[in-house]
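Subject: Structure handover

Hello,

The structure is below, and my notes on it follow. Please read them with the model open.

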Amino acid sequence: RNMLTSPGYRPPMLPGVALEVMQLSQRPRVQFGEVVTLLERDAMLAAKVLAMAQSAAFAARSPITSLYQATVRLGLNTLRNIVLEAALHLRVFRVPGYEEPMERLARHSTAVAHLAREATARSSVDAGFAFACGLLHDVGFAGALLALSEDRRFRYVDYGALAPALDELHEEAGGLMTRVWRLPAEMQCAVGAHHRTAPFGRPIVMNAALVVAEQLAWEAGLGLADPPEDADPSSTSTPEPPLGAVDLASSVTLDEARKVLSLDDLALAALRVKAFELATRIA
């Protein structure tokens, strides 16, 4: 915590292009040409956008031959999330000596993004916003671990030994990082308090969705903790996280989140099936 709050701490930065794309996406009448001009400044992000636009999920009969065509085909919200995901994987979820846990964190974040979008489908929360919050929710793990790895006293300490402290501080670190990045206040709240359904005394749908999404990601083997041995995608019961499991809310918080989202047993079971299908695709 001293490292995170010291004046000299500099959290890992998203590329300027990614931040500017996110800011542009909040403007009501942004022109695609403005987005293209930004992407042309970062070759790696531009390549990711072109590759995604050519993928089976978005491909049409005519091939994509320019960034402008790619941005039009994807749409601004999808484009924003592709750029954000690529930036996190290329620049933030990279801590020397901790490649395996960072890869697990990246998979987990992608899974929670998809599941959070599903969990908020019947709410007023924008699907693209829910996806972005899911991508970012655990970014504090990377920020805190990077801070430790840059101190010679803690460099290459076993991740298992660091995990409890990272778990304790990752919300605080994530909130700090999203403030430094000047992301919207609602996104800062979601990232900085994603294990609480009512961080300011009132229930917040996005926070509740992140609680549920993390639970289901864990059950499907896409959590930061090991999955339950008897995980069952067709089950209508919710397994209890083991004592000390990293990055999982209590059963009481999960019940609160389900009430906020109006998720009965059948609705939760349907989301659980989607989580296991997602695990197969990600694997």
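The elements covering the buried residues of α8 include α6 (76–92), α7 (99–119), α9 (139–149), α11 (185–192) and α12 (205–219). This is a predicted model, and the distances below should be read with that in mind. Helix α8 itself spans residues 127–136, and nine of its ten residues are buried, so the helix is largely enclosed by the rest of the structure. The buried set consists of Gly128, Phe129, Ala130, Phe131, Ala132, Cys133, Gly134, Leu135 and Leu136. At the N-terminal end, α8 is capped by Asp126, which places a side-chain oxygen 3.0 Å from the backbone nitrogen of Gly128.

One of the helices that cover α8 is α9, and Ala142 is found in α9. Ala142 has a relative accessible area of 0%; the threshold for buried is under 20%, so Ala142 counts as buried. Neighbours within four places in sequence aside, Ala142 is in contact with Val92, Phe93, Val95, Met102 and Leu105. Gly174 is 32 residues from Ala142 in sequence, and their C-alpha atoms are 8.8 Å apart.

Helix α3 (residues 32–39) has Val35, Val36, Leu38 and Leu39 buried. Viewed down the axis of α3, the buried residues fall within an arc of 160 degrees, so they line one face of the helix. An α-helix has 3.6 residues a turn, so residues three or four places apart point the same way. Cover for the buried residues of α3 comes from elements including α2 (16–25), α4 (43–54), α5 (67–74) and α6.

Next, the nonpolar core. In soluble globular proteins, nonpolar side chains tend to be buried together. Here the largest nonpolar core has 96 residues, and Val49, Leu88, Met206 and Val212 are those with the most contacts inside it. For Val212, leaving aside neighbours within four places in sequence, the contacts are Leu254, Ala257, Arg258, Leu261, Leu263, Leu268 and Leu271.

That leaves the charged pairs. How many salt bridges does the structure hold? There are seven salt bridges, and I describe some of them here.

- Glu219 and Arg272 form a salt bridge, with the closest N and O atoms 2.5 Å apart. Glu219 lies in α12 and Arg272 in α14, so the pair ties together parts that are 53 residues apart in sequence. Both Glu219 and Arg272 are buried.
- Lys274 forms a salt bridge with Glu118, at 3.0 Å between the closest N and O atoms. The pair links distant parts of the chain, with Lys274 in α14 (residues 265–282) and Glu118 in α7, 156 residues apart. Lys274 is partly exposed, at 37% relative accessibility, and Glu118 is partly exposed at 34%.
- Arg107 and Glu103 meet through their side chains in a salt bridge (3.3 Å, N to O). Both residues lie in helix α7, four residues apart, which is about one turn of the helix. Arg107 is partly exposed, with a relative accessible area of 32%.

Regards

Notes. Residues are numbered from 1 along each chain as its sequence is written. This is a predicted model: local features need pLDDT of at least 70, side-chain atom pairs count only at pLDDT 80 or more; totals for chains, interfaces and linings use all residues. Side-chain values use heavy atoms; hydrogens and water are left out. Buried means under 20% relative accessible area, exposed over 50%, partly exposed in between (1.4 Å probe, protein chains only). Helices (H or I, at least four residues) and strands (E, at least two) are DSSP runs, numbered from the N terminus. Contact means heavy atoms within 4.5 Å. A polar contact is a pair of N or O atoms within 3.5 Å; within protein, one must be able to donate a hydrogen and the other to accept it, and residues adjacent in sequence count only if both atoms are side-chain atoms. The arc is that of the directions from the helix axis to the C-beta atoms. A salt bridge is a side-chain nitrogen of Lys or Arg within 4 Å of a carboxyl oxygen of Asp or Glu. A nonpolar core is a set of buried Ala, Val, Leu, Ile, Met, Phe, Trp, Tyr and Cys residues joined through side-chain atoms within 4.5 Å.
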